[in-house]
Amino acid sequence: MSVSSSSYKPVSHVIFDMDGLLLDTERLYTVSFQEICDRFGKQYTWDVKSTVMGKKALDAAQIIRDILELPMTAEELLAESRQIQERIFPSAKLMPGVEKLIHHLQKHSIPIAVATSSAGVTFNLKTSQHKAFFAVFDHIVLGDDPEVKNSKPQPDSFLVCASRFKPPASPETCLVFEDAPNGVRAGLAAGMQVVMIPDDNLDPGLTQEATLCLRSMAEFEPQLFGLPAYD
């Protein structure tokens with residue numbers, strides 16, 4: 001899937017989305033929303049899911065409620081989905097190839113960070129079994145961070161994340177990893193290159209904008225972007 005490396009610019013910093021990219025939580029979101037939809041004979045399809053991936057929780061719930069015409073408010077849908085998620089989020093697992101890349105970048109002292117739409121409480125549930133893994137990142141920007149005024153596809157999350165490296169990183173020196181169309185747009189809007197690792201169920205038409213599209217993080221070749229190659 002890779003093009004010749006001349007089309008990529010070298011970077012010095014790497015920023016990762018979390019849901020569906022580092023952790024398999026997108027699968028768990030699907031389980032929680034489908035459990036509610038089942039009661040009303042509705043399907044939480046990938047078409048619906050792809051419109052809300054990367055959005056803040058209440059915004060996502062409003063869109064799901066509106067598209068599927070669920071007989072509840074967005075607030076009720078969110079509250080009910082959160083109850084299910086509290087039960088299942090701690091079972092989140094790291095995605096394939098993630099640990100290898102993170103440890104490789106850490107070993108070579110490449111600054112790394114996370115920019116996620118997840119708010120604090122949800123973040124803690126999802127990462128409860130992976131505290132040591134998330135401790136290696138330079139910093140983590142959450143969805144409810146006061147400096148993040150607008151959620152993805154707006155670039156705020158990635159720009160705030162870049163500004164918190166010490167010293168701050170300029171956007172063109174940052175490489176973003178994303179799985180969601182809204183996240184890809186956010187990274188590009190921030191002036192960064194974006195590697196997209198979409199779920200196999202995502203419409204391929206929604207992957208066209210990314211700088212590079214891969215099937216798994218295990219396929220990533222760091223040297224394409226001027227980063228140290230795997231040993």
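Predicted model: local features only at pLDDT ≥ 70, side-chain atom pairs only at ≥ 80, totals over all residues.
Which residues of H8 are buried? Residues are numbered from 1 along each chain as its sequence is written, and side-chain values use heavy atoms, with hydrogens and water left out.

View 1. In H8, the buried residues are Asp156, Ser157, Phe158, Val160, Cys161 and Ala162; buried means under 20% relative accessible area with a 1.4 Å probe, protein chains only. Helix H8 spans residues 156-163 and is largely enclosed by the rest of the structure, because 6 of its 8 residues are buried. Helices (H or I, at least four residues) and strands (E, at least two) are DSSP runs, numbered from the N terminus. Strands S1 (13-16), S2 (112-115), S3 (139-141) and S4 (174-178), together with helix H9 (181-189), pack against the buried residues of H8.

**View 2. Cysteine Cys174.** With a disulfide defined as a pair of cysteine sulfur atoms within 2.5 Å, the count comes to 0 disulfides. Cys174 is in no disulfide, the nearest cysteine sulfur, that of Cys161, being 7.7 Å away. Cys174 is buried, at a relative accessible area of 0%.

**View 3. Nonpolar cores around Phe177.** A nonpolar core is a set of buried Ala, Val, Leu, Ile, Met, Phe, Trp, Tyr and Cys residues joined through side-chain atoms within 4.5 Å. The largest has 52 residues, and Phe16, Leu22 and Phe177 have the most contacts inside it. Apart from it lies another core of 21 residues, among them Ile15, Val141, Phe165 and Val176. Not counting residues up to four places away in sequence, Phe177 touches residues including Val14, Asp17, Leu101, Val195, Met217 and Phe220, where contact means heavy atoms within 4.5 Å.

**View 4. The largest pocket.** On a 1 Å grid over the protein atoms alone, a pocket is an open set of points where a 1.4 Å probe fits, with protein on both sides within 12 Å along at least five of seven lines; lining residues have an atom within 4 Å of a point. The largest pocket holds about 390 Å³ of space, a volume being the space filled by probe spheres set on the points. Its lining comprises 28 residues, with Tyr29, Lys55, Lys56, Ala57 and Ser117 nearest the centre. H4 supplies the largest share of this lining, 4 residues.

Key: Buried < 20%, exposed > 50% of the residue type's maximum accessible area, 1.4 Å probe, protein only.
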